[in-house]
Amino acid sequence: MKDIILTGDRPTGNLHLGHYVGSIKNRLKFQNQGDFDKFYIMIADTQALTDNADRVDKVKNNIIQVAIDYISAGIDPEKVTIFIQSLVPELFEMTSYFMNLVTVSRLQRNPTIKDEIKQRGFVKSMPVGFLTYPVSQAADILAFKSTIVPVGEDQLPMIEQTREIVNSFNYTYKPEKTVFAMPKAILPESAVCKRLPGLDGKVKMSKSAGNAIYLCDDKATIKQKIMSAYTDPNHIKVSDPGQIEGNIVFSYLDAFCEDQHFAKFLPDYKNLDELKAHYQRGGLGDVKVKLFLNNIIQELLAPVREKREYLIKHINDIYEMLFENSKKASLVANQTLTEMKDAMGLDYKKLLK
Ligand code: TRP
């Protein structure tokens, strides 16, 4: 049987380059290889509400933004079913049954949840829905019998939790026929793509840290952000030897630069190794490297921006597609839910004689 792919994002803001290298690139690879049975991308509005209960408008308005980001980045709605989490109510019924298979202490040990509790100021007082979102995420994955989940590194604990739930379900209910597939996370290959640093060089690229380049940024904004990116603070004169470790411009080149970019934009060098060696030796200025990076990012994002301009004029069509797809997703989830309840013995129709 071929793979069923499912992944998703919370609609809390526009997608940035961290999302692009962290998961969109892998999604495009799978989409273009075409070697799958089904491919779903879920806009996780309900999960977004677990730490945005009082910001419903923000979540609601970002659904279309994220959908436009996907499609403008190359996700093809003909090949991939993009849908909205809250429009698939079966997911939440499944979550209820899964919650009985997971302990509170197990959720509290989840490293991503631990980090997020600190970031969100939930140390003293945390919404129940927030603590339990990994269980709901397991339902997202299992409802579609997904085998492959292309995600960023921070999502690994969620996939691990999902796998534990499958084992616990099988152990507890001993289904005669397999209900759930065992999902596998697919991460980006290189370390820098797993965790793209922000422009400030301090933490990973994120909306909350204000250190991101967005897929929808305009040309001037992209250039301004790249020109102000953190480099090596001790590389003052062009002739000074420079450090590439922790130098954001080189991290981004590691993530985005290919040999062909040199022929196009910087023919004095053949590849990134040559450029790095020159920088380390001294004699290569930051501005030259930044302008090179700027060319690469502009080339990547110009068609994305152009597609976005077109899509913005067709917002209704996109909403209709999302609603239609959510109905289809709901039918699939309903089938799995029925199998799940049968396996659990929650099949009350059989009581009728
Ligand atoms: N937790 C993911 C994020 O923060 C979003 C998400 C929800 C997801 N359900 C999922 C990702 C299922 C992969 C599979 O972006």
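## Salt bridges and ligand shell

Biologist: What relative accessible area does lysine 341 have?
Modeller: Buried means under 20% relative accessible area, exposed means over 50%, and partly exposed lies in between (1.4 Å probe, protein chains only). Lysine 341 is therefore partly exposed, because its relative accessible area is 23%.

Biologist: On what basis are such values given?
Modeller: This is a predicted model, in which local features need pLDDT of at least 70 and side-chain atom pairs count only at pLDDT 80 or more, while totals for chains, interfaces and linings use all residues. Residues are numbered from 1 along each chain as its sequence is written, and side-chain values use heavy atoms, with hydrogens and water left out.

Biologist: Is lysine 276 buried or exposed?
Modeller: Lysine 276 forms a salt bridge with aspartate 254 at 2.8 Å, N to O. The pair links helix H14 (residues 272-281) to helix H12 (residues 248-256). Aspartate 254 is partly exposed at 38%. Lysine 276, at 15% relative accessibility, counts as buried.

Biologist: How many salt bridges are there?
Modeller: Beyond pairs, Arg10, Asp51, Glu116 and Arg120 are linked in a network. By the rule above, the count of salt bridges comes to 21.

Biologist: What share of the ligand's exposed area does the protein bury?
Modeller: A side-chain N or O atom of glutamine 47 is 2.7 Å from a nitrogen atom of the ligand, and one of aspartate 140 is 2.8 Å from a ligand nitrogen. Accessible areas come from the Shrake-Rupley method with a 1.4 Å probe; for residues, only the protein chains shown count as cover. Taken alone, the ligand exposes 360 Å², and the share of this that the protein buries is 91%.

Biologist: Which element supplies the largest share of the shell around the ligand?
Modeller: Strand E1 (3-9) and helix H8 (133-143) each supply at least two residues of the shell. The largest share, four residues, comes from E1.

Conventions
Salt bridge = Lys/Arg side-chain N within 4 Å of Asp/Glu carboxyl O. Polar contact = N/O pair within 3.5 Å; in protein donor to acceptor, adjacent residues only side chain to side chain.
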